[in-house]
Amino acid sequence: MSGEMEKPLIGRRLVDSNGSLVEAPSEAPKVGILGSGDFARSLATRLVDSGFNVVVGSRNPKRTAGLFPSVAQVTFQVDAVSSPEVIFVAVFREHYSSLCGLSHQLAGKILVDVSNPTEQEHLQHRESNAEYLASLFPTSTVVKAFNVISAWALQAGPRDGNRQVPICGDQPEAKRAVSEMVHAMGFMPVDVGSLASAREVEAIPLRLLPGWKVPTLLALGLFVCFYAYNFIRDVLQPYVQESQNKFYKLPVSVVNTTLPCVAYVLLSLVYLPGVLAAALQLRRGTKYRRFPDWLDHWLQHRKQIGLLSFFCAALHALYSFCLPLTRSHRYDLVNLAVKQVLANKSHLWVEEEVWRMEIYLSMGVLALGTLSLLAVTSLPSIANSLNWREFSFVQAVEPADWVQSQDTHLPSLRHQTSFLAPRASACSPAPVSTLCHMEDVS
Ligand SMILES: Cc1cc2nc3c(=O)[nH]c(=O)nc-3n(C[C@H](O)[C@H](O)[C@H](O)COP(=O)(O)OP(=O)(O)OC[C@H]3O[C@@H](n4cnc5c(N)ncnc54)[C@H](O)[C@@H]3O)c2cc1C
Ligand SMILES: NC(=O)C1=CN([C@@H]2O[C@H](COP(=O)(O)OP(=O)(O)OC[C@H]3O[C@@H](n4cnc5c(N)ncnc54)[C@H](OP(=O)(O)O)[C@@H]3O)[C@@H](O)[C@H]2O)C=CC1
Ligand code: HEM
Ligand SMILES: [Cu+2]
Ligand SMILES: [Fe+3]
């Protein structure tokens, strides 16, 4: 097999006048696909576009041939697996055993397991799909790959969505071969270790926005509490004590006073765990011990908490810009003007009030601008273009000179732990601390 793999992966394409592929070059590496479903079709298209020679193995090639690119050869399973060295198994786990008749032809070849278990299957089987496949075909080498890429994303190409493809397997040579294919198809292979990691790789697509659940619930909880408080203070109390009807404040005004409170509390929750961690290290006199789980978890969710804080602050700014548009604001102005006229006053100008408002607004805009800077540097594309010093210059209160990544998850797949990289302690860059600003227009 090594001879085949030595060849360049992207072969010369033969393109006809209207730009479509006529025939895959015969020297192109041959790749097999078992199955003719959605994933198999997208995979075949992508492989053909990347210069591979594709053979599809179907139980009913006549029925399915029309669905594949014309250069891909669609044939019976036995015929499809005879010559390629790498064979993608694009069938569901429950049908793996139906392939056992091919074990003779598959001996010594690389089987790529692309499958994703359902949540139920994942809980039900202790053994990953890939390990199960390996147990069915002990004479073949199984590599896990591509399960995080949807059929749609495969077809659309790596321009959209996630580019990283975690790969695992027990044989370095086989992993290297598959990594090269992943690369040739325009994705980024990420080696995550032996086949024992397959279970974790299979769990990735089952996660829904990991790390956001607790911070989001926290933000919602804070919102409800502060909203209730502001409702009592601004609406209920005037109603009960002075029989004033201020219920019109519910949709805009009360929300607008609630949002910055939530933003502030969330922001303090971003920087509090760092302080607690530092205090803990001082008390222990060492930095080489694990933090308690709750603190570790808290430290790891600072990004999400910070972004939610930014979200609330941005909404607050938008609501504030809308305040002058409300009817109540217009009536208040008119009523004030009428009062002025009746009182025979011509010029209303309270210097202190004017200055206070100018400064409040300026602070608000500056604070939002600063938070935006933090938010922008947390975009993966921008964070990746910064080195750790630049990142911590913008993000951190003080530069730290240690590292302790307690994240047990896969490296760099979901959790952004780059900020835990070791830092030099020589000089302290000035922090961009978020400006405080309190406003009271009433
Ligand atoms: C809008 C916004 C966006 C954000 N985006 C991101 C983001 O993209 N990525 C991100 O990571 N954060 C993000 N954050 C969160 C926050 O800005 C960063 O986590 C920042 O690095 C925290 O700085 P710090 O100085 O408080 O903590 P750190 O620099 O982490 O540390 C302070 C002190 O705590 C101790 N300590 C902290 N953690 C550990 C540890 N793991 N092991 C041992 N000691 C420790 C050390 O003694 C250290 O000196 C964002 C925040 C906001 C508001
Ligand atoms: N769809 C997606 O977005 C993604 C899918 N995957 C994985 O790819 C694999 C295939 O998924 P998908 O293409 O969507 O599924 P489909 O149901 O569309 O296709 C499954 C294919 O399996 C083949 N097959 C082989 N043996 C059997 C059998 N005994 N019984 C039934 N079918 C059999 C069939 O092809 P034939 O009749 O020609 O033999 C069928 O077309 C799964 O393991 C899935 O987890 C992974 C990532 C994303
Ligand atoms: C463009 C940016 C901003 C503008 C125009 C703005 C405007 C306002 C206005 C008009 C109010 C008075 C609301 C009311 O009393 O009904 C207010 C209050 C407030 N703002 Fe801002 N703001 C901005 C950004 C921010 C940011 C980034 C923060 C901090 C995260 C913040 C924190 C506060 C706080 C704490 C209050 C007091 C809420 C209360 O009365 O309890 N603001 N702001
Ligand atoms: Cu969590
Ligand atoms: Fe995690």
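This is a predicted model: local features need pLDDT of at least 70, side-chain atom pairs count only at pLDDT 80 or more; totals for chains, interfaces and linings use all residues.
Local features need pLDDT of at least 70, side-chain atom pairs count only at pLDDT 80 or more, and totals for chains, interfaces and linings use all residues. Residues are numbered from 1 along each chain as its sequence is written, chains are lettered from A and ligands numbered from 1 in the order in which they are written, and side-chain values use heavy atoms, with hydrogens and water left out.

User: What makes a residue count as being around ligand 2, and which come nearest?

Analyst: One of its heavy atoms must lie within 4 Å of the ligand. Around ligand 2 there are 21 residues. Ser36, Phe39, Ser58, Asn116 and Ala151 come nearest.

User: How do you know that Ser36 makes a polar contact with ligand 2?

Analyst: A polar contact is a pair of N or O atoms within 3.5 Å; within protein, one must be able to donate a hydrogen and the other to accept it, and residues adjacent in sequence count only if both atoms are side-chain atoms. An N or O atom in the Ser36 side chain is 2.4 Å from an oxygen atom of ligand 2, so the pair meets the cut-off. Backbone atoms take part too: a polar one of Ala151 is 2.8 Å from a ligand 2 oxygen, and an N or O of Val91 lies 3.0 Å from a ligand 2 oxygen. The protein buries 81% of the 890 Å² that ligand 2 exposes when taken alone. Accessible areas come from the Shrake-Rupley method with a 1.4 Å probe; for residues, only the protein chains shown count as cover.

User: How does the shell around ligand 2 divide?

Analyst: It holds 7 nonpolar, 11 polar and 3 charged residues. Ala, Val, Leu, Ile, Met, Phe, Trp, Tyr, Cys and Pro count as nonpolar, Asp, Glu, Lys and Arg as charged, and the others, Gly among them, as polar.

User: Why is the pair Arg176 and Glu173 called a salt bridge?

Analyst: The term needs a side-chain nitrogen of Lys or Arg within 4 Å of a carboxyl oxygen of Asp or Glu. Here the N to O distance is 3.4 Å, so the pair qualifies. Both residues lie in helix H9 (residues 172–184), 3 residues apart, about one turn of the helix. Helices (H or I, at least four residues) and strands (E, at least two) are DSSP runs, numbered from the N terminus. The whole structure has 11 salt bridges.

User: What makes Phe247 part of a surface patch?

Analyst: Patches are made of residues with over 30% relative accessible area and no salt bridge: like charges are joined within 9 Å, nonpolar side chains (Val, Leu, Ile, Met, Phe, Trp, Tyr) within 5 Å. Phe247 has 31%, so it passes the area cut-off. Ile232, Leu236, Tyr239, Val240 and Phe247 make a nonpolar patch of about 450 Å². Phe247 is in the loop between helix H11 (213–242) and helix H12 (253–284).

User: Why is Asn344 called exposed?

Analyst: Its relative accessibility is 72%, so it counts as exposed. Asn344 lies in the loop between helix H15 (327–342) and helix H16 (351–377). Its phi is positive, about 60°, although it is not a glycine.

Note on methods: Buried means under 20% relative accessible area, exposed over 50%, partly exposed in between (1.4 Å probe, protein chains only).
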